[in-house]
Structure formats: C-alpha cells, structure tokens
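Subject: A structure for you to look at

Hello,

Here is the structure I promised to pass on. Please open it first, and then read my notes below.

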Amino acid sequence: GVPLSKVEMDATELCKQTDLADKASKALETAQSLVRTLVKPYIQADDQADDEAKRFIQSRNQARAELISRLQDVTQQDWASAQLKRLESEVAGLAQEDRLSE
C-alpha cells in the first residue's frame, strides 16, 4: 500500500490548497463588494439622470400640448372673428338694400 507518511503529506498539501482556495474566494468576495461600493454612486447618478430626462420630456410634452391648445384657441377666435365680420358685412349690405328700396 501507500506509506502513511505519503498519505499525511498528501493530506497536508490538500489542506493547504483548500485553505488557499478559501482565502482566494474571500478575497474575490471582498473585491466584488468593493467594486459594487465603487460603482453604486455611478449607477445612482445614471438613474437620477434618467429620471431628470424623463421629467424634462414630460414637461416639454406638457408645454407642447399647452401651445397646441393655445394655437387652437387662437384659430377658433380668428374663425369666429372672420364669421362676425362676414355677418356684419351681410347686415350692412341688407341695411343698404333696405335704404335703397325705400
């Protein structure tokens, strides 16, 4: 069989490698945590910029809707004004015909 000292040496080596693997795993976790800590403010800033962009787009769309509404009001007022002028000229024309027919 295999000498006992060889088995002990193999076991000792395996323990060393397992210990190294554990240390490497812990170091990796620490590094990942550090990266997350460093990156977090950038992610938050990016999210904040997205929110601000959305608010800007909403306010721009609202302003555009208000402008369209005002333009429609003005257009309706212009149309009403034109109708009023047309009616006034018709009335004036009828009044003139009445005077001529007297």
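Predicted model: local features only at pLDDT ≥ 70, side-chain atom pairs only at ≥ 80, totals over all residues.

**Overall shape**

The protein has 1 helix and 0 strands. Its radius of gyration is 43 Å, well over the 13 Å that the globule rule gives for 102 residues, so the protein is more spread out than a compact globule. Taken along the principal axes, the C-alpha atoms fill a box of roughly 145 × 30 × 5 Å. The helix, H1, covers residues 4-101.

How much of the protein is buried? Buried residues make up 0% of the 102 residues. The exposed surface comes to about 9,400 Å², and 59% of that is supplied by carbon and sulfur atoms.

**Salt bridges**

Side chains of opposite charge can pair when their charged atoms come close. How many salt bridges does the structure hold? There are 3, and I will take them in turn.

- Lys 6, the residue I began with, meets Asp 10 in a salt bridge, at 3.2 Å from N to O. The two lie in helix H1, 4 residues apart, about one turn of the helix. Asp 10 has a relative accessible area of 40%, so Asp 10 is partly exposed.
- Further on, the side chains of Lys 23 and Asp 19 form a salt bridge, at 3.4 Å from N to O. Both residues are in helix H1, with a spacing of 4 residues, or about one turn of the helix. Lys 23 is exposed, because its relative accessible area of 53% is over the 50% cut-off. Asp 19, with 39%, is partly exposed.
- Arg 86 pairs with Glu 90, and the closest N and O atoms of this salt bridge are 2.6 Å apart. These residues are separated by about one helical turn, because they are 4 residues apart in helix H1. Arg 86 is partly exposed, with a relative accessible area of 41%, and Glu 90 also counts as partly exposed, at 40%.

**Patches on the surface**

Which residues form a nonpolar patch on the surface? They are Leu 34, Val 35, Leu 38, Val 39 and Ile 43, and together they have about 440 Å² of accessible area. Val 35 has its place in helix H1. This residue has a relative accessibility of 47%, so Val 35 counts as partly exposed.

There is also a patch of negative charge on the surface, where Asp 46, Asp 47, Asp 50, Asp 51 and Glu 52 gather. Asp 47 is in helix H1, and its relative accessibility of 40% makes Asp 47 partly exposed.

**Charge in the whole protein**

As for the overall count, the protein has 14 positive and 19 negative side chains. The centres of the two sets lie 7 Å apart.

Enjoy looking around!

Best wishes

Notes
Residues numbered from 1 in each chain as written. Heavy atoms only, no water. Patch = residues over 30% accessible without salt bridge, like charges linked within 9 Å, V, L, I, M, F, W, Y side chains within 5 Å. Areas by Shrake-Rupley, 256 points an atom, 1.4 Å probe, with all protein chains shown as cover. Salt bridge = Lys/Arg side-chain N within 4 Å of Asp/Glu carboxyl O. Lys, Arg positive; Asp, Glu negative; His and termini not counted. Charge placed at Lys NZ, Arg CZ, Asp CG, Glu CD. Buried < 20%, exposed > 50% of the residue type's maximum accessible area, 1.4 Å probe, protein only. Rg over C-alpha atoms; globule rule 2.2 N^0.38 Å.
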